[in-house]
Amino acid sequence: MLRELQKVFQIPELRAKIVFTILMLAVFRIGGFIPVPGINGEIAVSFFRHATGGGQNLFQLVDIFSGGAFSQMTVIALGVVPYISASIIMQLVVALWPSLQREIKENADQGRRKVNKYTRVLTVLLSILQSAMFAKYAIQMNYSRPGIVTGELLDVQMFGMPILFYMIFIFTMTTGTVFLMWIGEQITDKGIGNGMSLIITIGIVSQLPTAIGLIIQQLNLDSQEPGAMNFTTVLVLIGIFVVITLATILVIQGHRRIPLQYARRVVGRKEVQGGNSYIPLKVNYAGVIPVIFASSLLMFPAIVATFAGTGNWLSEAAQWLSPGSTLYIVLFVALIIFFTYFWTATQFRPDQIASDMKKNGAFIPGIRQGKPTQDYLESTMNRITLIGAVFLALIAILPTIVGRLLGVPQTISYFFGGTALLILVGVVLDTMKQIESHLLMKRYDGFMKKGRVRGRD
């Protein structure tokens with residue numbers, strides 16, 4: 001293990017990428033401790049703990065995604081949820097906008113820049129909307145627990161509203177979200193791994209000590225009386241964690257090999273007759289993207305409904321969409337399956353693969369080249385995608401099942417399966433693959449120095 005780490009840091013380019021990523025993530029974590037001007041973070045946290053009562057409600061789910069910044073009302077309290085919501089909307093717009101699809105196909109770079117531009121603008125608009133509702137909710141919280149908001153900010157009134165507080169709150173949180181979006185893009189471009197996924201992952205990992213503290217508290221080790229949990233339950237949770245981790249790795253890494261045969265191939269300047277190969281079709285082609293999209297999409301309307309206050313139909317909708325409810329589970333499963341197929345359909349191109357196979361003289365045994373090959377690849381991918389989608393859905397709802405069967409708070413069971421585990425395993429595997437690709441590229445050095453290939457030990 002140490003030898004492999006030494007190899008990683010022996011490559012200057014890869015070392016610079018890793019250091020840059022760590023520094024950017026450290027800046028993200030620092031932002032999680034800077035409260036919005038005029039907000040008392042300690043009182044806000046105590047209010048949220050009292051409001052949640054130790055259970056897993058909507059606010060705790062958002063708080064886990066933001067690494068604890070939401071409950072403290074810090075500058076990055078909204079996290080990357082607005083950006084993910086904007087990305088979902090833009091993905092749907094691209095799928096339903098033929099002219100934009102043609103532009104992306106004809107000029108991929110220009111089309112990608114246009115989509116990124118629209119995504120950023122939409123992120124700012126969603127951040128303004130959510131931060132405005134959060135500001136209204138903070139004022140309501142201040143009525144129940146005075147001291148959360150500084151009184152001087154509430155004294156500046158206009159049209160019967162504390163306009164100064166709204167302006168500071170909205171501007172600060174929107175700026176924090178835009179800054180997080182910039183950090184994520186910088187990590188993706190100049191660092192290692194996917195920036196947005198790493199930000200979510202670090203936020204989840206930062207909440208792990210809290211979950212461990214809750215386990216110790218539930219065991220009630222300081223007293224002779226039995227706690228809400230016992231060591232048997234902890235062992236069962238650890239066993240579930242290990243099994244789910246292994247199963248997640250197997251499914252994310254698993255693929256089906258489609259055999260290929262070559263009538264003839266040109267290797268360099270020589271023509272080689274025959275040959276065998278295969279096409280690896282991943283069982284979980286979309287990775288953890290469907291889980292992130294489904295979670296964020298369910299968070300957004302529920303947050304809007306919760307911030308709208310009580311006594312209206314929106315508050316009732318928020319109760320129906322609270323994590324753990326039957327409607328939430330059904331919608332969560334349906335969205336995961338939908339986004340798995342949607343992402344696979346937008347990224348997997350059987351027509352392009354069939355065309356490349358025909359150009360290279362490759363064919364699938366028993367399947368004619370061209371359209372039959374395309375149809376075969378598409379139908380095969382649809383079948384294995386169903387397996388991956390169902391698995392993702394089962395893992396995502398596992399915390400609710402474990403919590404109900406063992407009587408464990410969902411704040412604890414959340415870290416032993418479900419969305420958090422899927423994101424952690426998926427992002428770690430993706431980052432390791434990128435590091436491995438850099439190691440493979442730098443396996444040989446000295447191409448231009450001495451005129452010969454020199455192997456790296």
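Partly exposed here means a relative accessible area between the under-20% range of buried residues and the over-50% range of exposed ones. In this predicted model, valine 242 has 42% relative accessibility, so it counts as partly exposed. Valine 242 sits in helix α13, which covers residues 231-253. Together with Leu235, Ile238, Phe241 and Leu246, Val242 makes up a nonpolar surface patch, and the five share about 460 Å² of accessible area.

Next comes a helix pair. Helix α10 (residues 163-190) packs against helix α11 (residues 195-206) at an angle of about 115°, and their axes lie 7 Å apart. On the α10 side, the contact takes in Leu180, Met181, Ile183, Gly184, Glu185, Ile187 and Thr188, which meet Gly195, Met196, Leu198 and Ile199 of α11. Sorted by class, that contact comes to seven nonpolar, three polar and one charged residues.

Glutamate 185 counts as buried because its relative accessibility is 17%, whereas arginine 120, at 36%, is partly exposed.

Lysine 371 and aspartate 375 meet at 2.8 Å, N to O; both lie in helix α18 (residues 371-396), four residues apart, or about one turn of the helix. Arginine 349 pairs with aspartate 351, the closest N and O atoms being 3.6 Å apart. Arginine 349 is partly exposed at 35% relative accessibility, and aspartate 351 is partly exposed at 34%.

Terms used. Residues numbered from 1 in each chain as written. Predicted model: local features only at pLDDT ≥ 70, side-chain atom pairs only at ≥ 80, totals over all residues. Heavy atoms only, no water. Patch = residues over 30% accessible without salt bridge, like charges linked within 9 Å, V, L, I, M, F, W, Y side chains within 5 Å. Areas by Shrake-Rupley, 256 points an atom, 1.4 Å probe, with all protein chains shown as cover. Salt bridge = Lys/Arg side-chain N within 4 Å of Asp/Glu carboxyl O. Helix = DSSP H or I, 4+ residues; strand = E, 2+ residues; numbered from the N terminus. Buried < 20%, exposed > 50% of the residue type's maximum accessible area, 1.4 Å probe, protein only. Axes fitted to C-alpha atoms, helices over the stretch in contact; angles between N-to-C directions. Contact = heavy atoms within 4.5 Å. Nonpolar A, V, L, I, M, F, W, Y, C, P; charged D, E, K, R; others polar.
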